[in-house]
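Here is a short tour of a protein model, written for someone new to reading structures. Keep the picture open beside you and look up each residue as it comes along.

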Amino acid sequence: MTTAHPPGRGAVAALDRLLRGQLTSAFQVRTGETLPLKVFVPWAIALGASYGFFMGWYALTGGKDDALRHVVAVMVKLPLLFLGTLLVTFPSLYVFNAMLGSRLGFRATLRLLVATIVVNLAIAASLGPILGFFTLSTSSYGFMVLLNVALLGVAGLVSIGFLIKTLAALQFQSPEPDEMPPLMSVGDEHPRREGTGLWLFVVWIFTYGIVGAQMGWILRPFIGAPGVPFELFRLRDGSFLQGVYNAVQHML
Amino acid sequence: MSTHFSISHAPNLLHAVARPLAERRPTLNELFVCVVLLTPVFGLAMGSFDVTGDRWLYAVFAAVKMPLMIAVTWAVCLPGFFALCSVLGLRDDLRECLRAIACGQAAVAFALASLAPLLVFAYLSGVNHRWALLLSGAMFALATLIGQLVMWRRWRQLVRRAGRHRLLLAYWLVAYVFVGIQTGWMLRPFVGSPGIEPSFLRAEPFSNAYVVVAELITGTRR
């Protein structure tokens, strides 16, 4: 049996239940009550800042001038990267999803996607110690770029799995509003399919990835290339893919 | 089940680690003590390549560094493991997962400790430094294989319960090896190089093992 509000106290309990998939049954996602933005947006900011903290270590260990300012800037920019990308991509997803007949409301869709970002950043933050550990022993900028791409890639894949699993559960449990029982869980019998546009979410994931990569490129520097003085943003040139290619070249 | 550990428990514990026995499940405390006590044995052996003068210190340093290496690697990899375990909906199995990993680690410790006399024998037989490194590495690899086998025996039961355990295992293996190699590199030397004064860590700044390998392959290492 599921409840609209988490029984555990506080934001930590809410995060724990989200990670364990206890807040994202079909009914819970549809009502959206278990995924309040006032709890999970601060979590996205805190977890993003936490990964950003480890990311900024490279500038600290490199003895860069203004290294502390760089760390603080990265701690701000990392949550901004994820939430900013959501801001850019969410309107088109919601409109197209509604056009294709999904009954998922505006707030419910937004809350689900914020929850997905929280999962993404929670995994990234949990991998932060690995990043910090390698930062202590690595001077190669190229290696640090690739390690960050790999760790954020893993976190991204996990969150995609979370989103697809949630949407799949939603697809098999979509009763009409007047038929909806007061409480439902994923394991209920006689599931019915509904066109919630799972494939559209897959397209959105790709779009989010591309926009996110480019957003990251615009918001750089994150790691802080050696020998380059602190700057909040760099001049806009090139693209994310070109940057990864250059990092591989630089490492070799 | 008692968490008391004494040397008289060792044979029982070895069998309990090696196979999942219904009547004897090793506790996490026992497995922890096992790793802390047994890995330094191999460290002592590894560092005893040359014990002339003050070079016996290498053996002491290596004995201290072995459990330290495992502890650091665990500490760095565990947060990600915990988060992934939660996201995959496997938190109810967390204790069993940790027990399986700890059993694997204890198996490595048992295997390494059992190989220590062979390594010392090889040293006494007059192998050169290059062969000492190769032998130590080969013994490490063999012990790791044994550890994987033991861990998989337990993990197989978890996979039967939920296939997602495969993903969790994959994370652990990749992260543990990736971080473990770097930890070992940072904590070197273990065998001790001829002509270099004994020290806990190399005098040079920390470097990245993977970058060094890439530089060796591309011939750009200075």
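In this predicted model, four helices of chain B each supply at least two residues to the lining of the second largest pocket: helix H3 (57-87), helix H4 (94-124), helix H5 (129-161) and helix H6 (165-187). Which of them gives the most? That is H5(B), with ten residues.

- The volume of the second largest pocket is about 1000 Å³.
- To find its centre, look for B:Met69, B:Phe140, B:Gly180, B:Ile181 and B:Gly184, which are the closest to it of the 36 residues in the lining.
- Sorted by class, the lining of the second largest pocket has 21 nonpolar, 13 polar and two charged residues.

**The largest pocket**

- Now turn to the largest pocket, which holds about 1300 Å³ of space.
- Its lining is made up of 46 residues, and those closest to the centre are A:Val149, A:Leu152, A:Gly212, A:Ala213 and A:Phe240.
- Which elements give two or more residues to this lining? They are helix H4 (67-99), helix H5 (106-137), helix H6 (141-171), helix H7 (198-219) and helix H8 (240-251), and they belong to chain A.
- The lining of the largest pocket contains 27 nonpolar, 16 polar and three charged residues.

- The size of an interface is often given as the accessible area lost when the parts come together.
- How many residues take part in the contact? There are 22 from chain A and 26 from chain B.
- The interface has eight residue pairs in polar contact, with both residues at pLDDT 80 or more.
- Helix H1 (10-19), H5 and H6 of chain A each supply at least two residues of the side that touches chain B.
- Among these elements, H5(A) brings eleven residues, the largest share of that side.
- By class, the side of chain A that touches chain B has 15 nonpolar, four polar and three charged residues.

**Salt bridges**

- Side chains of opposite charge can pair when their charged atoms come close.
- Over all chains, a search of the whole structure finds ten salt bridges.
- One pair that crosses between chains runs from B:Arg91, in the loop between H3 and H4 of chain B, to A:Asp16, in helix H1 of chain A.
- In this salt bridge of B:Arg91 and A:Asp16, the closest N and O atoms are 2.6 Å apart.
- Across the interface of chain A and chain B, the rule finds two salt bridges.

**Cavities**

- How many cavities of 30 Å³ or more does a search of the whole structure find? The search finds two.
- The largest cavity holds about 50 Å³ of space.
- Around the largest cavity you will find B:Trp185, B:Met186, B:Arg188, B:Leu201, B:Arg202, B:Glu204, B:Pro205, B:Phe206 and B:Ser207.
- That lining has five nonpolar residues, one polar residue and three charged residues.
- The second largest cavity has a volume of about 30 Å³.
- Its lining includes A:Lys64, A:His70, A:Pro221, A:Gly224 and A:Arg234.
- Counted by class, the lining of the second largest cavity has four nonpolar, two polar and three charged residues.

**Two cis peptide bonds**

- Most residues other than glycine have a negative phi, and most peptide bonds are trans.
- With that in mind, have a look at A:Arg220 and A:Pro221, which are joined by a cis peptide bond with omega of about 15°.
- A:Pro221 sits in the loop between H7 and H8 of chain A, and A:Pro221 is also one of the residues lining the second largest cavity.
- In chain B, a cis peptide bond joins B:Arg188 and B:Pro189, with omega of about 10°.
- B:Pro189 belongs to the loop between H6 and helix H7 (209-218) of chain B, while its partner B:Arg188 is among the residues that line the largest cavity.

Key. Residues numbered from 1 in each chain as written. Chains lettered and ligands numbered in written order. Predicted model: local features only at pLDDT ≥ 70, side-chain atom pairs only at ≥ 80, totals over all residues. Heavy atoms only, no water. 1 Å grid on protein atoms, 1.4 Å probe; cavity = no way out; pocket = protein on both sides within 12 Å on 5 of 7 lines; lining within 4 Å. Points joined across faces, edges and corners; volume = space filled by probe spheres on them. Nonpolar A, V, L, I, M, F, W, Y, C, P; charged D, E, K, R; others polar. Contact = heavy atoms within 4.5 Å. Salt bridge = Lys/Arg side-chain N within 4 Å of Asp/Glu carboxyl O. Polar contact = N/O pair within 3.5 Å; in protein donor to acceptor, adjacent residues only side chain to side chain.
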